[in-house]
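Open the model in your viewer and show it as a cartoon. This tour tells you what to select at each stop.

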Amino acid sequence: METWIVVPAFNEENKIKGVVSELNRNGYTKIVIVDDCSRDNTSSVSSNSGATVLRHIINRGQGAALQTGIDYALEQGAEAIVTFDADGQHHPEDIIKLLQPIEKGIADVALGSRFLGTSSNTPLVRKVFLKGGAAIFRLMYGLKLTDSHNGLRALSRKAAKKIKITQDRMEHASEIVEEISKHQLKYVEIPVTITYTDYSTQHGQKTSNAFKILLKMMINKIIK
């Protein structure tokens, strides 16, 4: 399958070169970095690393960056799309495991889970929130998940065309789950490794934001 890797990035000049290099080393060369109006040299470093770079002229958030990258990949003829973080938490070796059920037609969406394996060093507080969020997803959308917010996922072309991300910021993760349920897409969870470092913890989503995301998710559900 022609696979594109979509990487949303904001102020990631220190990590993005290594991320692109590791993806290349694992055989992935069709990479689009969506620079969400970084204040540093994320765009130039990404471009010099050989990736395609799209840039938002205003900071819109990770959800919007993902949708921009997914739209671009579809325009380029992608048969499968993998979303991948820019901070070094994800491991390119996991991508092939996500793509296999899509290539075999078993699933339209393969969602990474840090809780099905044993090698992710997830902080305890974050683990509680993520598992709690997964339980709420089951109640609200009927999807049996173990991990509620994992940015490492693979979409078939069919799924990528059906799933529409309208939540610009971090609420997009719950919206993707809702879209899977809404369109009755076949899904699987795949064990992946998430490696937390001081850098990724500082640059990633704060655990406290989970309260805000949960509240917005519930309000959106009520409104709809």
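Select S5 and S7 to begin. These strands (DSSP E runs of at least two residues, numbered from the N terminus) pair in the parallel sense over five bridges; pairing requires at least two DSSP bridges between two strands. Glycine 112 stands opposite isoleucine 190 in S7.

A word on the source: this is a predicted model, where local features need pLDDT of at least 70, side-chain atom pairs count only at pLDDT 80 or more, and totals for chains, interfaces and linings use all residues. Residues are numbered from 1 along each chain as its sequence is written, and side-chain values use heavy atoms, leaving out hydrogens and water.

Now show the whole sheet.

Next, select S6, residues 153-156. Which residues cover its two faces? Arg153 and Leu155 lie on one side, Ala154 and Ser156 on the other, and all are buried (under 20% relative accessible area, 1.4 Å probe, protein chains only). S6 pairs antiparallel with S4 (residues 80-83) over four bridges. Three bridges join S6 to S5 (residues 109-113), also antiparallel. Zoom in on leucine 155: it is the bridge partner of isoleucine 81 and of valine 109.

Last stop: aspartate 35, in strand S2 (residues 31-35). Is it buried or exposed? Its relative accessibility is 1%, so aspartate 35 counts as buried. Beyond residues up to four places away in sequence, aspartate 35 touches Ala9, Thr42, Ser43, Leu54, Arg55 and His56 (heavy atoms within 4.5 Å).

Methods: Buried means under 20% relative accessible area, exposed over 50%, partly exposed in between (1.4 Å probe, protein chains only).
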